[in-house]
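Here's a quick briefing for anyone opening this structure for the first time. Take a look, then read on.

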Amino acid sequence: MSEKIGFIGLGNLGLPVATNLIDAGYTLQVYNRTASKAEPLVAKGAQQVTQPADAVTTGGIVVTLLWDGAALENIVTSSGFLEQLGPNGIHISMGTVLPETARKLAAIHEQHGSTYVEAPIFGRPEAAATKKLWIPYTGSQQAKERVQPLLKAMGGQGIFDFGEEVGAATIVKLVGNFLIVSAGYSMREALSMAEKNGVDPQAIVDMLTQTLFPAPIYQSYGRMIAEKSEPFGESEIPLKDVDLLKKTAQQAESPTPISNFLHDLLSTDLN
Ligand SMILES: NC(=O)c1ccc[n+]([C@@H]2O[C@H](COP(=O)([O-])OP(=O)(O)OC[C@H]3O[C@@H](n4cnc5c(N)ncnc54)[C@H](OP(=O)(O)O)[C@@H]3O)[C@@H](O)[C@H]2O)c1
């Protein structure tokens, strides 16, 4: 693979995703705010740079996998990033942000002749390591065709095209995470009630996930809850993403009774 790919954001998810690219034969130029997190990739041959713009090749592809919209906007507007990417350059943004942030950045890219592709990720770091990610993506047709092999190499077991209107793939991601969090909290409440009434939660999970709820989320979270581990642990991601959905819904004047409630539950659980 001759094309040099820029990769910015080597956190819990970024590191295994970038590792997949190196293992697939891509040449990587990597940047992370905390430089030490790049060490495993440097050991595999990645070139580490000290400024985001230095990870970017003119007319090339740069991937970002950052915590939130503020971090993403900081990187895109950092000195030289857009100028270096230039015409025909593509930015694949994979972190979970607001659809309005994605649209704003897509417009900024357009002004500079480059293209923004949003490709948020379904799957935890363990799923990235085993290439079991699900990835919805949105962007111009030409850019999507160019990035498709890369998304597969990053660990996408399935890639879903949501058209050319940036914001759509982000909405898919927010909907998915909201449904996952809703399922987790519903199962926790229901299985606790069952156990306190003397019915084995594991047996309930076994029956329901083979019959009415044979879905990966019910299967995996049901098993965790029955085994007394918390499906979301200390992670701040569910709260961040429920709040992104809530804000997006409110801007569109769409009701948010359940996300309001989940916000309160998640805030209490994190404190
Ligand atoms: N982890 C998951 O299970 C999972 C699953 C699906 C989607 N996601 C989404 O993927 C994204 C990344 O998640 P993660 O779990 O990898 O998070 P993480 O481990 O906290 O990593 C976040 C990354 O963003 C960088 N960052 C944060 N603020 C920054 C700033 N102001 N300037 C520059 N860089 C900044 C961090 O740099 P430092 O290393 O210097 O802190 C790090 O590289 C999030 O949007 C998350 O919602 C995560």
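Let's start at the ligand: a backbone N or O atom of Leu10 lies 3.2 Å from one of the ligand's oxygen atoms, which makes a polar contact (a pair of N or O atoms within 3.5 Å). Keep in mind that this is a predicted model, where local features need pLDDT of at least 70 and side-chain atom pairs count only at pLDDT 80 or more, while totals for chains, interfaces and linings use all residues. Residues are numbered from 1 along each chain as its sequence is written, and side-chain values use heavy atoms, with hydrogens and water left out.

- Asn32 uses its side chain instead, with a polar atom 2.6 Å from an oxygen atom of the ligand.
- The protein covers 85% of the 890 Å² of accessible area that the ligand has on its own (Shrake-Rupley method, 1.4 Å probe).
- The ligand is surrounded by 23 residues, each with a heavy atom within 4 Å of it.
- The closest of these are Asn12, Asn32, Thr34, Lys37 and Thr96.
- Sorted by class, that shell has nine nonpolar, nine polar and five charged residues, with Gly counted as polar.

**The two domains**
- The chain splits into domain 1 (4-164) and domain 2 (171-270), with bounds from an automatic or database domain assignment.
- Each domain gives at least three residues to the shell around the ligand.
- Their C-alpha centres lie 29 Å apart.
- Where they meet, 13 residues of domain 1 are in contact with 18 residues of domain 2 (heavy atoms within 4.5 Å).

Definitions and conventions:
Polar contact = N/O pair within 3.5 Å; in protein donor to acceptor, adjacent residues only side chain to side chain.
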